[in-house]
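Hi,

Here is the structure we talked about. Please open it first, then read my notes below.

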Amino acid sequence: MRRVNGARSGTTRKHAARVAGIAAVAALAVTLSGCAGGGGDQAASGPKDAGDIVVGFAQVGAESGWRTANTKDIQRAFKDAGIELKFSDAQQKQENQIKAIRSYITQQVDVIAFSPVVETGWDAVLKEAKDAGIPVVLTDRAVDSEDETLYESFLGSDFIEEGKKAGQWVVEEYADQTEPVEIIQLEGTTGAAPAIDRAEGFAEVIGADEKFQVVASQTGDFTRAGGKQVAEALLKSNPGVDLIYAHNDDMGLGAIEAIEAAGMVPGQDIKIVTVDAVKDGMTALAEGKINFIVECSPLLGDQLVDIVKKVVAGEDVEKRIITEETTFTQEQAVEALPERQY
Amino acid sequence: MSSILTHRLFWPVVMLLVLFAINLVAFPGFFVIEVKDGHLFGSLVDIVRNGAPTLIIAVGMTLVIATRGIDLSVGAICAISGAVACSILLGSPNPGSVGTVVTAVVVAVVISLVLGVWNGFLVAVFGVQPIIATLILMTAGRGVAMLITEGQILTVNSPPFKVIGSGFLFGIPVAVLIAALIFTAAAVLTRRTALGMLIESVGINPEASRQAGVRSRGLLFTVYTFSALCAAIAGLVLTSNQTAADANNTGLFIELDAILAVVIGGTSLAGGRYSLAGTLVGALVIQTLVTTVYTVGIPPIATMVFKAAVVTAVCLLQSPTTNAVIASWRKPIAARFRKATV
């Protein structure tokens, strides 16, 4: 019951602590990956009924309202179709996602679907899935791999196109202005596909005109707190800024608070363009605090179910399937807001 | 002169001044503090305000580390306290009333105190290694927060609650006032009484201090509970600042920042002698570092490397070996200087 004998030397204590720490982490890892249930026999021949299909889905996490809507829609769609869905939440960590995918491989599910946290580093685990004969469907985010045979299909938004749509609005908005337009870009998580592609598409469109200058571009990690802190600092070091382009609504909402704290009016003194169109973002758009939102729809559950059914039946699916999406101005937001589910 | 050079806060303060200088070069208006809408506004104000949560937690962490312990659970407690407060606010018919906000804050703090007592119980009564004891809550705590928020980001619209994180009192950010209050309270309680000495004695040699009549068990309970209290308050500040409870991201890695602040401040992880003033400087160095990344415009992909380089520099400058080398250089120079002037 008493505390460890104090006469023991500091190094021994530290060593003991470290060993115990490693042991605890290892034990935790075992429990996490060890919760796998028994897998079905894959050798069964002939097409399967929807009721026999088991799908493993490795979600990124619950980092935003968008992601929650995405999770709910996928769970609903599979439930409606009567397909068993094994769901795991990676809490924004690639290692958790890899662990989840490995556990699905051990469980011998019929199809693995996941939204990769980052673009790279998936070749090994996808190869394992391929060797085990389990088809993989990517949802919402892509992987950067030279071997396209590692996955069956990628269902999701075209992030480059989203960046282009945002850029086109900016170009039209400032069409009559000849003076330089100073832009701050709030990037998503460094290395994430939407962050890379939304920056690329935007840069491609505004790059055609030299008056558009991105004076600062920093990551706000797709979070509200991140967007606020970055915007606070950047607004001070770039007092002449005209527009903020945020890679998602949450960072845009953080920027709104930073602009208000600086004694300016968001949407007027500094214009804001974001991507996503979640409810909080749409509310701010309807209130005139955001100027334009490019939609990135999370409701892809039904499309995913279709792909899973086709893959299991052995039919060919397109390598790239794009979700249907639109854009919103302030007026359209006022109309669309009451029916917004997420 | 030599007493300043050998003071344990010398290098951290030098680092802070170097970071200030870098900021001033990158952004000449760095030191400007204006009064905007009746409150202070400027980069330095942002640094102190955004650094407040880290400082609050680091104060609690300093006392825990002084007892040769460590508290890894503070980030998770932040998330729990924010989640509890926001779910109470959202569940009430009138989230904007001061009474509701006080209830939410009190409940959040009380629940966190219970968690602190749990940590203290494991360490003081069961003699579990502090790193293991608090690792339990670190990993499980975010799950608890997720359960409370049901995996959602809870956005609250409550003006009185918003005051905690982004409000101002007499022109000074409320978050800074809270941090100052906790810092002063900890300093007065431990340094104006024998409490600080007793905590240090437990850290240096628990067995010897027990035999000398120090009630180490009660002290351990006290420091872990105080650390949880600090974490709860920091969690409320963070949650209020982003007007939303985010179980995944609120206070993520803040335990590491807090430990780093304590270490930069010259308190040894081996326990014993501690310095609250050092912790204050440490917390300021960390937050200034974050701001420097934004103002200097370090690309997001290089941010981590930049931070690591600065932290490495501080730690190397502080190490006993470096100080011994510098002292050995200084001696002959001083001797030569003395000869020359004679």
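Over all chains, the structure holds 23 salt bridges. Keep in mind that this is a predicted model. Side chains of opposite charge can pair when their charged atoms come close.

Start inside chain A. Glu128(A) and Arg102(A) meet in a salt bridge through their side chains, at 2.7 Å from N to O. Glu128(A) lies in helix α4 (residues 123-131) and Arg102(A) in helix α3 (residues 94-106), so this pair ties together parts that are 26 residues apart in sequence.

The side chains of Lys127(A) and Asp131(A) form a salt bridge, 3.6 Å from N to O. Both residues lie in α4, 4 residues apart, which is about one turn of the helix. An α-helix has 3.6 residues a turn, so residues three or four places apart point the same way. Lys127(A) counts as partly exposed, with 42% relative accessibility. Asp131(A) counts as exposed, with 57%.

Salt bridges link Asp73(A), Arg76(A), Asp80(A) and Asp302(A).

Now look between the chains. The contact takes 44 residues from chain A and 51 from chain B. About 4,000 Å² is buried there, and carbon and sulfur atoms give 53% of that area. How many salt bridges does the rule find across this interface? It finds 2. One of them joins Arg49(B) to Glu232(A), with the closest N and O atoms 2.2 Å apart. This pair runs from helix α3 (residues 43-66) of chain B to helix α7 of chain A. Arg49(B) is buried, at 7% relative accessible area. Glu232(A) is buried as well, at 4%.

On the chain A side, α1 (10-33), α2 (65-81), β7 (212-219), α7 (224-237) and α8 (249-261) each supply at least two of the touching residues. The largest share, 10 residues, comes from α7(A). By type, the chain A side divides into 14 nonpolar, 17 polar and 13 charged residues.

Last, visit helix α12 (residues 254-264) of chain B. Its buried residues include Ile254(B), Glu255(B) and Ala258(B). Gly266(B) follows α12(B), and its phi is positive, near 95°.

Best wishes

Note on methods
Residues are numbered from 1 along each chain as its sequence is written. Chains are lettered from A and ligands numbered from 1 in the order in which they are written. This is a predicted model: local features need pLDDT of at least 70, side-chain atom pairs count only at pLDDT 80 or more; totals for chains, interfaces and linings use all residues. Side-chain values use heavy atoms; hydrogens and water are left out. Buried means under 20% relative accessible area, exposed over 50%, partly exposed in between (1.4 Å probe, protein chains only). Contact means heavy atoms within 4.5 Å. Buried area is the accessible area (1.4 Å probe) that two parts lose on being put together, summed over both. A salt bridge is a side-chain nitrogen of Lys or Arg within 4 Å of a carboxyl oxygen of Asp or Glu. Ala, Val, Leu, Ile, Met, Phe, Trp, Tyr, Cys and Pro count as nonpolar, Asp, Glu, Lys and Arg as charged, and the others, Gly among them, as polar.
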